[in-house]
Amino acid sequence: MLVCLIVGARPNFMKIAPIDREFRKRGIETLLVHTGQHYDQNMSDVFFEDLNMKSPDVHLNVGSGSHATQTARIMIEFEKVCNDHDFAMVVVVGDVNSTIACTLVAKKLGILVTHVEAGLRSFDREMPEEINRILTDRISDLLLTPSIDGNENLKNEGVPENRVKFVGNIMIDSLYDALDRVKSENSNPAKKFGLNHYCVVTLHRPSNVDDEEKVVELVENLVHVSHKIPIVFPIHPRTRNNLKKFGKLPVLENEPLIHILEPLGYLEFVSLIGSSNLVITDSGGLQEETTSLGIPCLTLRENTERPITITEGTNQLITDVSTLQISVDDALQDLGVKEPKKPKYWDGKTAKRIVDAIIDCVER
Ligand code: UD1
């Protein structure tokens, strides 16, 4: 039995690492395919090291491009890989272009596909990820959900129940593993700025960083926040490019209480957020990680595909950036870290349930 595991973009690595380990522990062979959607050392290679992952068995090297170009390149290259192997299952995770591209290819060749992190919906089709999620779920054979709202969404879309299984949040497996390791290391990048009370900012969604007016407003607000609590801001390449384009990078760089960093590796990042007092983000994964760590999280988005981080966790949506200051004040009054939350099956044992479900599906 040969199982093909797909990674492409930064948020995929921490989801596939524990699944690969679990397969290999059980003596099941995996072929790890990296599409190359993300390719910079600090967006890709560093994660293989930090997550103790094997190097990709196959690298498709597709790189950046428009959605159509990137998706098409992945499809063309991945079809060759499928034709060269006899996969019992292709496993895709999350909602990036690599997820839908590889799913389409495998399904048209009649190969079984498992979607890990199935069923999440923002109900906002302007997000490229929402299109990727809906289409991937529509055609995959086994849909593994991280939280029970995923099962409800799929039921409402008419997906037969026997294709869906609630297995829990695979990212938490990697988070727990990393927390154990960073405890013994001095890997928190905030230390070099002498900070032990600080806010972490991450922003990369096109809806926040592609439009000049929005970027200007965001930068003004971040400067304001930094007067209340120092900010550490590892900048995604999309965001850096746009800040440069709109002439706003120097504004952030010259603020004494805003510390700009390049994108961080996984262990450094876990260490940074693990000791933070507040997070401001538009990331999907970080909404979950902050819930799991009990760190207040302000999410700069109109919606979230991860509502459980609001109902059971520490997340709050900021739909209008002009309300950010009030929410920061409230969060800081509360002062920081709360009891870590543990939605059901966010327990670090999700990889086992995933591999059980996949073996069961292949043998059925
Ligand atoms: C992609 C995912 C998004 C995910 C995010 C995490 C899709 C549709 N989007 O968005 O869901 O949250 O990854 O980071 O799949 N670039 C580099 N180096 C890299 C990769 C990208 O410099 O290693 C630059 C390129 O200029 C590129 C831009 O960043 O054009 C955006 O990258 P892209 O992969 O298109 O989208 P992300 O914004 O990263």
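**The ligand site**

Start with Gln37: an N or O atom in its side chain is 2.8 Å from an oxygen atom of the ligand. Keep in mind that this model is predicted.

Then Glu129. A polar atom of its side chain lies 2.5 Å from an oxygen atom of the ligand. How much of the ligand does the protein cover? On its own, the ligand has 740 Å² of accessible area, and the protein covers 86% of that.

Who else is around? There are 17 residues around the ligand. Those that come nearest are Gln37, His38, Asp40, Glu129 and Arg238.

**Helix H3**

Now helix H3, residues 67-84. Does the length agree with the residue count, or disagree? At 1.5 Å a residue, its 18 residues should span 26 Å. The end C-alpha atoms are 26 Å apart, so the two agree.

Which residues of H3 are buried? Gln70, Thr71, Ile74, Phe78, Val81 and Cys82. They cover an arc of only 90 degrees around the axis, so they sit on the same side of H3. The spacing fits a general rule. An α-helix has 3.6 residues a turn, so residues three or four places apart point the same way.

Turn to the other side of H3. Ala68, Ile76, Asn83 and Asp84 are exposed there.

And what covers the buried residues of H3? The cover includes strands E1 (2-7), E2 (29-34), E3 (58-59) and E4 (89-93), plus helix H4 (97-108).

Note on methods. Residues are numbered from 1 along each chain as its sequence is written. This is a predicted model: local features need pLDDT of at least 70, side-chain atom pairs count only at pLDDT 80 or more; totals for chains, interfaces and linings use all residues. Side-chain values use heavy atoms; hydrogens and water are left out. Helices (H or I, at least four residues) and strands (E, at least two) are DSSP runs, numbered from the N terminus. The expected span of a helix is 1.5 Å times one less than its number of residues. Buried means under 20% relative accessible area, exposed over 50%, partly exposed in between (1.4 Å probe, protein chains only). The arc is that of the directions from the helix axis to the C-beta atoms. Contact means heavy atoms within 4.5 Å. A residue is near a molecule or strand if one of its heavy atoms lies within 4 Å of it. A polar contact is a pair of N or O atoms within 3.5 Å; within protein, one must be able to donate a hydrogen and the other to accept it, and residues adjacent in sequence count only if both atoms are side-chain atoms. Accessible areas come from the Shrake-Rupley method with a 1.4 Å probe; for residues, only the protein chains shown count as cover.
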